[in-house]
Amino acid sequence: MIRKTLLFLLLALVVVTVMDLWRGKDLPKGALPDTRWVTLDAQHIDLVEQSYGEPVIVYFWGSWCPVCHVLTPSVDWVDNYLPIVSVAMSSGSAHQVQNYLQSNDYQLAVVNDPDAAISGQWGVPVTPAFAIVRNGEIHSFTAGVTTPLGLYARWLWAYAAG
């Protein structure tokens, strides 16, 4: 029983790793696109500069994304412990995104990307998606469902590598 469980976990790890590599093939290499953003609450963020202090999680999501509806509450919770910048892809005007955040009581720092220009520059293929940025470069990328523990493990891996 234990052997089968370990084999299943190893197979799942291999599948997830291969999927992450495939999904991340279009991500920018080398220098990141412009990462000086302004959040909905007028906070100026320089993602590259911030990533030299500690890794930063960039969360790409959409108010229209059913998986994001399930995942965003846990990302909002993780934001209390780890640095997260979120990008609202094609989710409407700043006012619409702000209303969405307020109606769900989310406290995340949100950069509005109404026409998916930022997401396009980053080559983000699907939502939800997570990039871990360390020392001005994408350290890891994953898309789809993840857990708070999974986010923390990716962040810790980037932190240890820095």
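## Loop residues with positive phi

Ala42 sits in the loop between β1 (36-38) and β2 (44-46); helices here are DSSP runs of H or I with at least four residues and strands are runs of E with at least two, numbered from the N terminus. This is a predicted model, where local features need pLDDT of at least 70, side-chain atom pairs count only at pLDDT 80 or more, and totals for chains, interfaces and linings use all residues. Residues are numbered from 1 along each chain as its sequence is written, and side-chain values use heavy atoms, with hydrogens and water left out.

Ala42 has a phi near 65°, a positive value in a residue other than glycine. Ala42 is also exposed, at 54% relative accessibility (buried is under 20% relative accessible area, exposed over 50%, partly exposed in between, with a 1.4 Å probe and protein chains only). Asn135, in the loop between β6 and β7 (137-143), is not a glycine either, yet its phi is positive at about 50°. Asn135 counts as partly exposed, at 28%.

## A cis proline

Thr127 and Pro128 are joined by a cis peptide bond, with omega at about -10°. Pro128 belongs to the loop between α5 (117-122) and β6.

## The nonpolar cores

The largest nonpolar core has 22 residues (a core is a set of buried Ala, Val, Leu, Ile, Met, Phe, Trp, Tyr and Cys residues joined through side-chain atoms within 4.5 Å). Ile57, Tyr59, Trp61, Val75, Ile84, Val110 and Phe130 have the most contacts inside it. Two or more residues each come from β3 (56-61), α3 (66-78), β4 (84-89), α4, β6 (129-134) and α6 (148-161), and α3 gives the most, with four.

Leaving out residues up to four places away in sequence, Ile57 touches Leu82, Pro83, Ile84, Val85, Phe130, Ala131, Ile132, Leu151 and Trp155 (contact means heavy atoms within 4.5 Å).

## Around helix α4

Asn104 lies in helix α4 and is partly exposed, with a relative accessible area of 32%. Asn104 and His69 are 35 residues apart along the chain, and their C-alpha atoms are separated by 9.6 Å.
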